[in-house]
Amino acid sequence: MAKYKKEEIIKVKVTGLQQYGAFVVTDDDFNGLIHISEISYGYVKKIEDYVNVGDKIYSEVLSVDEENNQLQLSIKDIDYKKDGGKLKRMAETASGFEPLKNHLDEWISNKIKEVTDKM
């Protein structure tokens with residue numbers, strides 16, 4: 001029987017930081033990695049902006065290697081500092097950047113007119 005399951009929220013302790021991610025350990029000595037791409041949906045310049053060595057945080061299990069006691073983890077969809085609860089993400093609109101594309105020329109023309117009228 002597997003100790004950990006995919007999508008399970010577990011508590012871990014940060015043991016090391018590298019440019020590519022954070023190393024963590026569970027209370028029962030499973031080692032884990034939170035890859036930099038699993039820290040945030042936005043650009044992560046410094047992992048230290050999110051976690052530091054010694055922090056006890058929640059993480060979501062992405063995959064389990066029972067044989068080697070290793071976990072791949074994520075914190076980008078959960079409240080990793082508070083309670084591990086799922087975060088709600090704003091859904092992208094179906095139109096995406098289409099409104100910007102459709103109005104950009106008009107907005108630029110209006111702004112140019114506004115600036116030149118003040119001269």
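Modeller: Two strands count as paired if DSSP finds at least two bridges between them. The model discussed here is predicted.

Biologist: In which sense do strand 2 and strand 3 pair?

Modeller: Strand 2 covers residues 21-25, and strand 3 covers residues 31-35. There are 5 bridges between strand 2 and strand 3, where at least two are needed for pairing. One of these bridges joins V25 to N31. The sense of the pairing is antiparallel.

Biologist: Which residue in the hairpin of strand 2 and strand 3 takes a positive phi?

Modeller: The hairpin has 5 residues between its strands. A positive phi near 65° occurs in this hairpin, and the residue that takes it is D29.

Biologist: Which residue in strand 5 stands opposite N31?

Modeller: Strand 3 also pairs with strand 5 (residues 70-74), in the parallel sense and over 4 bridges. N31 belongs to strand 3. Its opposite residue in strand 5 is Q70.

Biologist: Which side chains of strand 3 point to the buried face?

Modeller: The side chains alternate along strand 3.

Biologist: Is V14 buried or exposed?

Modeller: V14 lies in strand 1, which spans residues 9-18. Beyond its neighbours up to four places away in sequence, V14 touches several residues, among them F23, V24 and I57. Its relative accessibility is 1%, and buried means under 20%, so V14 counts as buried.

How values were computed: Residues numbered from 1 in each chain as written. Predicted model: local features only at pLDDT ≥ 70, side-chain atom pairs only at ≥ 80, totals over all residues. Heavy atoms only, no water. Buried < 20%, exposed > 50% of the residue type's maximum accessible area, 1.4 Å probe, protein only. Contact = heavy atoms within 4.5 Å.
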